[in-house]
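The following exercises are meant for a reader who is new to this structure. Each one sets a task and then works through a solution step by step.

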There are 4 protein chains.
Amino acid sequence: MARKNLNVGLVGYGFMGRTHSNAYLQAPRFFDVPYQPVLKAVCARNADRAKGFAENWGYQSVETDWRALIERKDIDLIDIASPNDTHAEIAIAAAKAGKMVLCEKPLGRTAAEGKAMVDAVEAANVPNMVWYNYRRVPALALLKQLLDEGRFGRIFHYRSQFLQDWTISSDLPQGGEGLWRLDASVAGSGVTGDLLAHNIDMALWLNGPISEVTAMTETFVKERKHSLTGHVEPVHIDDASSFLCRFKNGSTATFEATRYARGHKALFTLEINGEFASAKWDLHDLHRLEFFDHRDEGRLRGWKSIHITDGDHPYMKNWWVPGLQIGYEHTFIHQVADFLQAADEHRQAAPTFQDGLAADYVTDAVLNSAKTKQWQNVPRV
Amino acid sequence: MARKNLNVGLVGYGFMGRTHSNAYLQAPRFFDVPYQPVLKAVCARNADRAKGFAENWGYQSVETDWRALIERKDIDLIDIASPNDTHAEIAIAAAKAGKMVLCEKPLGRTAAEGKAMVDAVEAANVPNMVWYNYRRVPALALLKQLLDEGRFGRIFHYRSQFLQDWTISSDLPQGGEGLWRLDASVAGSGVTGDLLAHNIDMALWLNGPISEVTAMTETFVKERKHSLTGHVEPVHIDDASSFLCRFKNGSTATFEATRYARGHKALFTLEINGEFASAKWDLHDLHRLEFFDHRDEGRLRGWKSIHITDGDHPYMKNWWVPGLQIGYEHTFIHQVADFLQAADEHRQAAPTFQDGLAADYVTDAVLNSAKTKQWQNVPRV
Amino acid sequence: MARKNLNVGLVGYGFMGRTHSNAYLQAPRFFDVPYQPVLKAVCARNADRAKGFAENWGYQSVETDWRALIERKDIDLIDIASPNDTHAEIAIAAAKAGKMVLCEKPLGRTAAEGKAMVDAVEAANVPNMVWYNYRRVPALALLKQLLDEGRFGRIFHYRSQFLQDWTISSDLPQGGEGLWRLDASVAGSGVTGDLLAHNIDMALWLNGPISEVTAMTETFVKERKHSLTGHVEPVHIDDASSFLCRFKNGSTATFEATRYARGHKALFTLEINGEFASAKWDLHDLHRLEFFDHRDEGRLRGWKSIHITDGDHPYMKNWWVPGLQIGYEHTFIHQVADFLQAADEHRQAAPTFQDGLAADYVTDAVLNSAKTKQWQNVPRV
Amino acid sequence: MARKNLNVGLVGYGFMGRTHSNAYLQAPRFFDVPYQPVLKAVCARNADRAKGFAENWGYQSVETDWRALIERKDIDLIDIASPNDTHAEIAIAAAKAGKMVLCEKPLGRTAAEGKAMVDAVEAANVPNMVWYNYRRVPALALLKQLLDEGRFGRIFHYRSQFLQDWTISSDLPQGGEGLWRLDASVAGSGVTGDLLAHNIDMALWLNGPISEVTAMTETFVKERKHSLTGHVEPVHIDDASSFLCRFKNGSTATFEATRYARGHKALFTLEINGEFASAKWDLHDLHRLEFFDHRDEGRLRGWKSIHITDGDHPYMKNWWVPGLQIGYEHTFIHQVADFLQAADEHRQAAPTFQDGLAADYVTDAVLNSAKTKQWQNVPRV
């Protein structure tokens, strides 16, 4: 339990700033990790907000310029939880400064940005990770185990959705505090980079590379008031995005993300169909994995709802007792725990920036296909 | 396919008259049965209604006195689908006349009536059956198979409910057409004989004899207008009835039935917990059996929802193709098919009058326990 | 109840021959219809099988040549339940002979066939209907009511699947008795015409015309033994088919059908997302409609599982009592009941051949898009 | 945010020691509470384990004698998370010392113990609370709101279960580290005090006082090796316990708890049926409330699954965004937040020791009824 300190400098104090901060504090209490993260500094342009955030989470200091943060010698790790348009610049500078770099997803607004980020961390040879947190949902970590064990046989189909409904009202402004996800210049794209990126990272992890896509996007509300300028301006993001694709392993797939699916708040779903078995999962009941095993006795075949709370489920022996579930924020805690372990062993913890770039290539292909109405091949990382 | 005719005389034309008539017509179309039921006559006091019913279902004739029906030489089988206060008298007379006798549940309003009915069919040595139709739900027939195969090991618990909500309004009258179930003199009791009787028959079939019970009944609406007299009169039926019990096999159980469970229409549920496995079922999704097998690999244990539509599920190879479900009335069709097969082989088809009497003993014990506030032993048939 | 007779001549005795025959017999027992269908004749090339079928279902006679059937003066209605390659020729001849014509779906193997069939029934001015039976699932009939009442507001999304798993084994032969759905020359296509056609008809009914599609098909097992020739031959059908599309009303959609989704038997699903409400349904629990109403009080919003068994649900007052469900075959019974009523009122009952052609146009566009890898516009009927 | 410190002394370091410690640390990060809990000392007989626990959770010191802990002037609050046989003695001493007292449930092993504890805290006039944590499940806090608003009308029924399966193996020893719940001298009773106590506290909170009970208990495994003595000894706890009861408000109820329900890990369930509405909940999906409102339009009535993740649900605006759920441990965090707020306002936060005593009276009555096989009246607090 004699842990080394690891000094964290966080950029951003929004929703993701909270989930990351909580993860740094909780990971060492529940997991036997080799490092104790120390919350050295939080950085944000708004000094008052940054100070309030620092006080609440116990950050020892505040910076208002990320360059100053990166220059600090007492910072080991830069964690980028600020809007998408800041990812590349900060990550590249942090890598050059020899820091460990953690970055919220998507890696870049475009694959070009993502590629530059990969080049930077590889040149600097620093630990790097993208916060595709859902890989650490215990149910999905179990699914990954089952796939790796070959229990599904040949894969025929994959399907995945991310359904929300929070932007249906045309009164919602675009841009500004908490709303930068509606501003294409900041976010890069709409649901494609925000939501589909999660579906894609998960699919690449579980089912391997995607070869080609045909896609369709739609913007339902064409104009919105911009909260910073006060003017009604054209909306440039995609409100909905869907695509069909083929995976390298021969399976076919459908993907869809939208913020216009009334009744769904954060319904990330996925299903995979193999020769011998199938599995389903969704984020609204994230502690359950639905599993069908064709090798079961015929009259007793069915979809099994596995309540992922037992000690032999991934990550769960570190939590409570069977039957008692964990929540959303625990995925970040698991990611920190795994990152600290890997760092200690001089391994990269997935998803690395390379993994993040692989997802960027797919989102680029999706957006291009939607624009050109042509199938697009997906480059390999 | 050269089938012998079996001439049916039906008493009653209500809800159960419809389900039985449908079953006689459908069974030979879907099952390879040795008899062709012929709808010879329907009997009811109201000649006009009986005539309309006969026309709709194809009965060849109408009787208004059940004694006349029983005297007819061209009737092989008397099917009693009339209110509970008629069961004993008609069944005993039919048995004496050497007819096959089928009787709606509960067998008698009391175990005393039931006992007389058993004595009559045994003295006459005629085929006899009670319409506890739910034994022929395919999901429950599968459960019975699994229990008989010893897959559950020692049984620890059983629980069963029958929840309805149709009598909550105090404006609903008691007695009369379609409402005799609220009239204790006709029905014998309230939910105990009407609903709990189903739970009990199923439990005796699946889990064996019950030894002793402690029970509680309640009448929430104390007075109702009687639809025949027009007067407001005290209500004598039980609106709700629940009991705890011990089975001979050492397991313990809870049972509950009510017509005051807002939101539930016909929610017959049951669950059984054994050393190695557990199962659950309910009537609102009657084509699903929920099954938990502790012998599954640890991290893959869970409740499996078996969609009972495959050819290797009981009765299902005679219906459609996998994935396509059947409904409520099919339980009666299965019961007719099994009865015809058994009759041809000179076997009794369960549930016999003896089985019906076993359930009557339990309902008597429940009502006595509720009245005396004492545990009651249950006599064995 | 003094009903006119309507003389039925059925072509085909397979799975659909059974569902139709059952519907003709059951409809008049549960619905107050103006006609009594009379099962005059069943027609099939195999005389023995036809005779067995006739005996079981009560057909008065047997024909082995459909031309002879159509020539019979005592036949009012020709019902085509034979494989897809027979639809057009029989339907056109039947229309020319002035018969009412009912045809299994899909209408034609191609839109060209379908168009010829529409022309024939319109020229002959005869009642005509396609057996897209799922329109008469009570839950979906309720959904249609809700949509027609404007409860959903502007529609943003539609999605629908039909997932099966029965052809995964490469040992399954193609062609021959019961397997013509695997033979492209008979079936026209694979899952596109067999399964997606159902999804498409339902979507057109609920959400209006489709404008354009981009599609992908796949054949996983490339060669199978042909059960008639005994040779291993290339497989020409599509094993899986999916498409993205835009509807005329501005909504976007994803569709998918496959016979390689392990664990799903007949999982026809659909979901529709509107401005004010959303709904979901699937065939495995066909008696439930999932409904979300955004106009509910905020903290009490949620997906409601409506158990479609009450008297105020479409078709359900003719069946049992609340809580007791019906099954798959009832959709055909409802369709017969509606057809008989419409025929009596000299109305066409939907889905007409025109409706069937509209679906054919979409399946043609899907297959073309998959072949050309280009978006395809869908012609309007 | 200038918070006063509140110095905590924790007794016990087991499962509950972890949940409480986490709650003290997390509450101030997510809720705007007036006190900052300071983890001053943890107390346990095993000094090494206590030290490890202190290190992990950040306790500043360790005690091995609870009396020493209580004597410390720098401790404001004594939190009792040690086995049941220690509750009364420690709580009474802590109250006498003028400390705030928080106690794990059940309050006493018997109502007599509980009564002495209530007397002590009332004489000392100190803030006191029992850790019936499930009152702070957001779904149940919402249910309580709905009941208080009168949305259910007259209540007819209540039912509640707590089903586990972890003691089925007869190889499991009784007594000792982590197994004191199987030792009647330490625990007081088996599932009655451990599990049913939760069901009872919740029921008293939601549905008011219980008047009388009839109960049944069972011990399936009669002898177990004692892990401390090494001898096979008779088992004195109840493995399963169920009861029927009447509430003061006229409703009737069934309760059941067991550790022999194969397939259930911590399945705490409850359902309440009122004149106008019903609700259901269970711990395995604790972020969902199932709600039925009879005042909905007839054909649209159904059970609504409310995903309790929106900002207008109790406690949830302090967590993430809609759709993202919290877990089990959050109930303790909420309880700490509420306690700190109440302490600042010189109010008691429920459930107080009085509430804990009310539950003890019911568990005593249940155990007495099971022993005497007689109905038992329940005393009022």
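**Exercise 1. A helix of chain B**

How many of the 11 residues of helix α6 (residues 138-148) of chain B are buried? Work on the understanding that this is a predicted model.

Solution. 
Step 1. The count is 9 of 11, so helix α6 of chain B is mostly covered; a residue is taken as buried when its relative accessible area is under 20%.
Step 2. The buried positions are B:Pro138, B:Ala139, B:Leu140, B:Ala141, B:Leu142, B:Leu143, B:Lys144, B:Leu146 and B:Leu147.
Step 3. Among the elements of chain B that cover these residues are strands β7 (155-163), β13 (267-274), β14 (277-282) and β15 (288-293), together with helices α8 (191-207) and α9 (330-344).
Step 4. Just after α6(B) comes B:Gly150, with a positive phi of about 80 degrees.

**Exercise 2. A helix of chain A**

Solution. 
Step 1. Buried in α5(A) are A:Ala111, A:Glu113, A:Gly114, A:Met117, A:Val118, A:Ala120 and A:Val121.
Step 2. When reading such a list, recall that an α-helix has 3.6 residues a turn, so residues three or four places apart point the same way.
Step 3. The cover over the buried residues of α5(A) includes helices α4 (87-96) and α10 (353-372) and strands β5 (100-103) and β6 (128-130) of chain A.
Step 4. A:Asn125 follows α5(A) and has a positive phi, near 55 degrees.

**Exercise 3. The interface of chain C and chain A**

Characterise the contact between chain C and chain A by its residues, its buried area and its polar pairs.

Solution. 
Step 1. In this interface, 45 residues of chain C are in contact with 45 residues of chain A.
Step 2. The two chains bury about 3,700 Å² between them, and 55% of this lies on carbon and sulfur atoms.
Step 3. Across the interface of chain C and chain A there are 6 salt bridges and 23 residue pairs in polar contact, with both residues at pLDDT 80 or more.
Step 4. Strands β7 (155-163), β8 (210-218), β11 (240-247), β12 (252-258), β13 (267-274) and β14 (277-282) of chain C each supply at least two residues of the side that touches chain A.
Step 5. By class, that side of chain C has 18 nonpolar, 16 polar and 11 charged residues.
Step 6. One salt bridge joins the side chains of C:Glu256 and A:Arg159, at 2.7 Å from N to O. C:Glu256 and A:Arg159 are both buried.

**Exercise 4. The interface of chain B and chain A**

Which three residues supply 47% of the area that chain B buries against chain A?

Solution. 
Step 1. Begin with the extent of the interface: 19 residues of chain B are in contact with 19 residues of chain A, and the chains bury about 1,600 Å² between them, 45% of it on carbon and sulfur atoms.
Step 2. The three residues are B:Arg299, B:Leu300 and B:Lys304, which supply more than any other three.
Step 3. The salt bridges across the interface of chain B and chain A number 6. In the pair of B:Glu297 with A:Arg151, the closest N and O atoms are 2.8 Å apart.
Step 4. There are 16 residue pairs in polar contact between chain B and chain A, both residues being at pLDDT 80 or more.
Step 5. On the side of chain B that touches chain A, α6 and β16 (303-307) each supply at least two residues, and β16(B) gives the most, with 4 residues.
Step 6. The residues on this side of chain B divide into 6 nonpolar, 5 polar and 8 charged.

**Exercise 5. Salt bridges within a chain**

Why does the salt bridge of B:Arg136 and B:Asp338 tie together parts that are 202 residues apart in sequence?

Solution. 
Step 1. The side chains of B:Arg136 and B:Asp338 meet at 2.9 Å, N to O.
Step 2. B:Arg136 lies in the loop between β6 (128-130) and α6 of chain B, whereas B:Asp338 lies in helix α9 of chain B, so the pair links parts 202 residues apart in sequence.
Step 3. B:Arg136 counts as buried at 8% relative accessibility, while B:Asp338, at 24%, is partly exposed.
Step 4. For a second case, take D:Asp201 and D:Arg135, whose closest N and O atoms are 2.7 Å apart in a salt bridge. D:Asp201 is in helix α8 (residues 191-207) of chain D and D:Arg135 is in the loop between β6 (128-130) and α6 (138-148) of chain D, so this pair ties together parts 66 residues apart in sequence.
Step 5. D:Asp201 and D:Arg135 are both buried.

Key. Residues are numbered from 1 along each chain as its sequence is written. Chains are lettered from A and ligands numbered from 1 in the order in which they are written. This is a predicted model: local features need pLDDT of at least 70, side-chain atom pairs count only at pLDDT 80 or more; totals for chains, interfaces and linings use all residues. Side-chain values use heavy atoms; hydrogens and water are left out. Contact means heavy atoms within 4.5 Å. Buried area is the accessible area (1.4 Å probe) that two parts lose on being put together, summed over both. A salt bridge is a side-chain nitrogen of Lys or Arg within 4 Å of a carboxyl oxygen of Asp or Glu. A polar contact is a pair of N or O atoms within 3.5 Å; within protein, one must be able to donate a hydrogen and the other to accept it, and residues adjacent in sequence count only if both atoms are side-chain atoms. Ala, Val, Leu, Ile, Met, Phe, Trp, Tyr, Cys and Pro count as nonpolar, Asp, Glu, Lys and Arg as charged, and the others, Gly among them, as polar. Buried means under 20% relative accessible area, exposed over 50%, partly exposed in between (1.4 Å probe, protein chains only).
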